[in-house]
There are 2 protein chains.
Amino acid sequence: MARKLSLDGGPSVAEEILTGAARLFYDRGYDATSIRDLAETIGISSSTLYHHYTNKQEILRAVLHRFMVNFNAAIIPVLRDPTLSATKRVREATRLHLEITDERRPELLRFTQFRNVLDEAQLRPLIQLQWDYHDAVKSVIKEGRDTGEFTVDDVDLATMAILDMLNGVRSWFSHSGALSMNDVVQRYVTMIDKLLS
Amino acid sequence: MARKLSLDGGPSVAEEILTGAARLFYDRGYDATSIRDLAETIGISSSTLYHHYTNKQEILRAVLHRFMVNFNAAIIPVLRDPTLSATKRVREATRLHLEITDERRPELLRFTQFRNVLDEAQLRPLIQLQWDYHDAVKSVIKEGRDTGEFTVDDVDLATMAILDMLNGVRSWFSHSGALSMNDVVQRYVTMIDKLLS
């Protein structure tokens with residue numbers, strides 16, 4: 001059984017562990033989730049789990065890392081697309097940022113909360129991924145200012161303000177509310193257009 | 001000694017406990033701070049501390065409550081000031097929001113983190129205070145739309161976007177950076193003017 005999993009389903013078991021862990025950390029909290037809970041929920045043995053990840057901290061790191069890598073891979077190419085105007089790149093990135101953070105909400109564990117849980121070596125690549133995204137947003141705002149599409153006094157602060165606006169949505173948006181995510185996207189695109197105009 | 005404290009210094013000891021607790025919770029984390037640590041840091045006995053607050057959870061509730069009451073008392077009258085235009089009220093509230101959250105940063109414990117620590121009866125008044133502030137911001141945006149000062153499609157989303165922008169600042173602003181808090185205030189006032197325009 002262990003052999004079968006590692007030969008046929010190796011990578012997908014590792015992925016399943018991350019998805020299951022994100023869900024449990026999100027629902028119950030990181031501290032309240034044990035490796036045993038996690039193995040039971042996924043339907044594998046603790047030893048299969050330890051075959052993939054050495055400890056809970058490493059699972060947390062991998063959940064955050066996978067999310068950030070996927071997030072950046074989806075959005076940074078759009079932010080750098082030379083065939084689109086800066087305005088269009090910001091609009092498209094706004095849509096992707098809101099949609100991805102909504103769809104993958106359980107994986108989006110509050111990073112700031114885990115600064116104490118993860119060690120320096122585990123944090124460094126995660127912080128770098130955050131900076132890569134931040135820098136891509138900043139570059140497109142700067143470019144839009146250079147082309148005259150945007151008139152921002154301070155590119156750094158406009159970047160922070162927009163990222164805080166976008167990151168805030170997941171803390172209050174609910175699919176049971178009056179607005180769809182698509183409504184929110186359209187209204188945020190308009191507000192960000194105005195903020196940068 | 002206990003008598004002296006409760007007669008001459010009663011209210012101020014209670015206040016000192018909250019300020020000391022906020023500092024320790026902020027620096028070490030809520031879980032890592034014991035009642036004993038707290039009493040030692042303030043320089044009182046644990047029994048004096050228990051005379052004022054029944055437990056750590058109650059101290060946390062009181063820290064959050066005091067902050068929110070003071071915050072609302074400083075800003076809501078400005079948001080409702082009938083002698084000022086909606087534009088001026090939003091500008092002044094932006095300044096106050098950023099300055100108060102900066103000056104009293106240790107007390108501004110991440111409320112969302114404590115939803116599990118506090119019970120329903122403790123949370124309800126805190127959530128109400130948050131809504132009071134939210135509603136005052138929303139009302140002034142609505143009023144500005146009615147007078148034609150603002151052109152917002154969606155008053156609710158503009159409210160959330162602005163609050164998320166303002167609340168985000170404390171997570172990245174540093175007094176050792178290139179900008180003063182006053183610089184940040186001026187730039188946020190401009191961005192919010194544009195977002196609402």
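Modeller: Ala136(A) is buried, with a relative accessible area of 3%; buried means under 20% relative accessible area, exposed over 50% and partly exposed in between, using a 1.4 Å probe and protein chains only. The model is a predicted one, in which local features need pLDDT of at least 70 and side-chain atom pairs count only at pLDDT 80 or more, while totals for chains, interfaces and linings use all residues. Residues are numbered from 1 along each chain as its sequence is written, chains are lettered from A and ligands numbered from 1 in the order in which they are written, and side-chain values use heavy atoms, with hydrogens and water left out.

Ala136(A) belongs to helix 7 of chain A, which spans residues 120-146; helices (H or I, at least four residues) and strands (E, at least two) are DSSP runs, numbered from the N terminus. Leaving aside residues up to four places away in sequence, Ala136(A) touches Ile76(A) and Leu79(A), where contact means heavy atoms within 4.5 Å. Between Ala136(A) and Arg115(A) there are 24 Å in space, C-alpha to C-alpha, for a separation of 21 residues in sequence.

The helix that holds Ala136(A) also packs against helix 6 (residues 86-103) of chain A, at an angle of about 150° and with the axes 9 Å apart. Such axes are lines fitted to C-alpha atoms, for helices over the stretch in contact, and the angles run from 0 to 180 degrees between N-to-C directions. Helix 6 and helix 7 of chain A are therefore roughly antiparallel to each other; angles under 35 degrees count as roughly parallel, over 145 as roughly antiparallel, 65 to 115 as roughly perpendicular and the rest as oblique. Their crossing is left-handed, a term used if the near helix is turned anticlockwise from the far one by less than a right angle, with right-handed used if clockwise. Helix 6 of chain A contributes Ala86(A), Arg89(A), Val90(A) and His97(A) to the contact, and helix 7 of chain A contributes Tyr133(A), Val140(A), Glu143(A) and Gly144(A). These residues divide into 4 nonpolar, 2 polar and 2 charged; Ala, Val, Leu, Ile, Met, Phe, Trp, Tyr, Cys and Pro count as nonpolar, Asp, Glu, Lys and Arg as charged, and the others, Gly among them, as polar.

Gly168(A) lies in helix 8 (residues 155-172) of chain A. In sequence, Gly168(A) and Thr94(A) are 74 residues apart, and in space they are 13 Å apart, C-alpha to C-alpha.

Now consider the chain as a whole. Chain A has 9 helices and 0 strands, and its C-alpha atoms fill a box of roughly 60 × 40 × 35 Å along the principal axes. Of the 197 residues in chain A, 49% are buried. Among its contacts between residues at least 6 apart in sequence, 67% join residues at least 24 apart.

The axes of helix 5 (residues 56-79) and helix 6 of chain B come within 9 Å and cross at roughly 160°. That makes helix 5 of chain B roughly antiparallel to helix 6 of chain B, and the crossing is right-handed. In chain B, the axes of helix 6 (residues 86-103) and helix 8 (residues 155-172) also come within 9 Å, crossing at roughly 30°. Helix 6 and helix 8 of chain B are therefore roughly parallel to each other. Their contact is made by Thr94(B), His97(B), Leu98(B) and Thr101(B) of helix 6 and by Leu163(B), Leu166(B), Asn167(B), Val169(B) and Arg170(B) of helix 8. By class, there are 4 nonpolar, 4 polar and 1 charged residues in this contact.

Finally, the largest nonpolar core has 136 residues, and those touching the most other members are Ile59(A), Tyr188(A), Leu196(A), Ile59(B), Tyr188(B) and Leu196(B). A nonpolar core is a set of buried Ala, Val, Leu, Ile, Met, Phe, Trp, Tyr and Cys residues joined through side-chain atoms within 4.5 Å. Not counting residues up to four places away in sequence, Leu196(B) touches Lys194(A) as well as several residues of chain B, including Val90(B), Ile141(B), Phe150(B) and Ile162(B). Gln186(B), found in helix 9 (residues 181-196) of chain B, is partly exposed, with a relative accessible area of 48%.
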